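Please examine the sequence and the structure below.

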Amino acid sequence: VIVKDIPIYSLCEHHMVPFYGKVHIGYIPKDKVLGLSKLARIADMYARRLQVQERMTREIATAVQEAIEPTGVAVVCECTHMCMVMRGAEKTGSHTTTSSMLGVFREDVRSRQEFLALLRN
């Protein structure tokens, strides 16, 4: 199960300026499943607080893992950080990508590659 392009908006706890982008969440069910909208709600729950992208990515993956104990969870976040765009380096068009892989997505390179390939399509 993969839900791609979930929009997120957050506030960087380091610079106190916004970052925004999209989250892709995938999991391989074992005994339980989550409604698709619940994946978006989990992403929102962690994005709507002072946050850093790396931790948010890990927290989303861990929340799905703890909720339904699937075979594996994969989360990729692609964001634009306003601290890069409007101050300091002023690099418009730059994106930061983070990922968190748990279970089979961490242990099995083929499962991980399949997930990442499906994100590209």
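Q: What makes the link between the side chains of Thr98 and Thr57 a polar contact?
A: In this predicted model, the side chains of Thr98 and Thr57 make a polar contact of 2.6 Å. The term requires a pair of N or O atoms within 3.5 Å, one able to donate a hydrogen and the other to accept it. A further polar contact, of 3.2 Å, joins the side chain of Thr98 to that of Gln53.

Q: Why is Thr98 called buried?
A: The relative accessibility of Thr98 is 12%. Buried means under 20%, and Thr98 therefore counts as buried. Thr98 is placed in strand S5, residues 96-103. Apart from neighbours within four places in sequence, the contacts of Thr98 are Gln53, Glu54, Thr57, Val75, Val76 and Cys77.

Q: Which residues make the contact, and how many are nonpolar, polar or charged?
A: H1 contributes Leu39, Ile42, Ala43, Tyr46 and Ala47, while H2 contributes Met56, Glu59, Ile60, Ala63 and Val64. By class, nine residues are nonpolar, none is polar and one is charged. Glu counts as charged, and Glu59 of H2 is among the residues in contact.

How values were computed
Residues numbered from 1 in each chain as written. Predicted model: local features only at pLDDT ≥ 70, side-chain atom pairs only at ≥ 80, totals over all residues. Heavy atoms only, no water. Helix = DSSP H or I, 4+ residues; strand = E, 2+ residues; numbered from the N terminus. Buried < 20%, exposed > 50% of the residue type's maximum accessible area, 1.4 Å probe, protein only. Contact = heavy atoms within 4.5 Å.
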